[in-house]
Amino acid sequence: MGLFADLPGETLGRLADRMQREEVSAGTVLVHEGDPGDRFFVLLSGLAGVTQATLGDRRVLKAGEFFGEVALTMHVPRTATVTAMTPCVVASCDEATFDELVRPLFADDGDDLTAA
């Protein structure tokens with residue numbers, strides 16, 4: 001997966017051990033705009049829509065894409081709502097795991113932090 005491609009095997013294994021996998025049905029809201037951010041998500045399968053109250057529909061997330069990093073990286077409430085458009089499988093980790101294993105990936109590459 002693109003975001004994790006440069007992680008050493010040992011770090012990737014630790015991350016995989018600490019992530020929780022969940023199957024959700026279409027229509028399930030995964031994160032709500034304005035809520036506190038406490039988890040980082042990777043969409044393993046399916047499609048999810050990203051919306052913002054003031055801007056409406058923003059984009060569609062596909063398998064392999066991630067969300068939830070904005071709230072955790074910037075210590076702000078969720079910036080968007082993410083809703084499963086189809087049945088989805090997501091993997092998520094808590095803030096401590098994000099800070100230890102995932103946050104460093106955002107320090108160097110300047111990725112666009114636009115979803116939740």
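Predicted model: local features only at pLDDT ≥ 70, side-chain atom pairs only at ≥ 80, totals over all residues.
Me: Is Thr 97 buried or exposed?

Reply: The general idea is to compare the relative accessible area with a cut-off, where buried means under 20% and exposed means over 50%. Thr 97 has a relative accessible area of 3%, so this residue counts as buried.

Me: Which residues is Thr 97 in contact with, once its neighbours within four places in sequence are left aside?

Reply: Those residues are Leu 15, Arg 18 and Val 102. With Arg 18 there is also a polar contact, made between the side chain of Thr 97 and the side chain of Arg 18 at 3.4 Å.

Me: Turning to the sheets, what holds the strands of a sheet in pairs?

Reply: Strands of a sheet pair through backbone hydrogen bonds, and the pairing may be parallel or antiparallel.

Me: How many bridges does strand S7 form with S2, and how many with strand S4?

Reply: S2 and strand S7 (residues 81-84) pair in the antiparallel sense over 2 bridges, and Val 31 has Val 82 in S7 as its bridge partner. Between strand S4 (residues 48-52) and S7 the antiparallel pairing runs over 4 bridges, and Thr 51 stands opposite Thr 81 in S7.

Me: In what order do the strands of the sheet that contains S1 follow one another?

Reply: That open sheet, formed by 4 strands with antiparallel pairing, has the order S1-S8-S3-S6. Its edges are strand S1 (20-24) and strand S6 (66-67), each with a single partner strand, so that one side of each is left without a neighbour in the sheet. Strand S3 (residues 39-45) runs antiparallel to strand S8 (residues 88-94), and 6 bridges join them.

Me: Which residue in S8 is the bridge partner of Val 42?

Reply: The bridge partner of Val 42 in S8 is Ala 91.

How values were computed: Residues numbered from 1 in each chain as written. Heavy atoms only, no water. Pairing = 2+ DSSP bridges. Buried < 20%, exposed > 50% of the residue type's maximum accessible area, 1.4 Å probe, protein only. Polar contact = N/O pair within 3.5 Å; in protein donor to acceptor, adjacent residues only side chain to side chain. Contact = heavy atoms within 4.5 Å.
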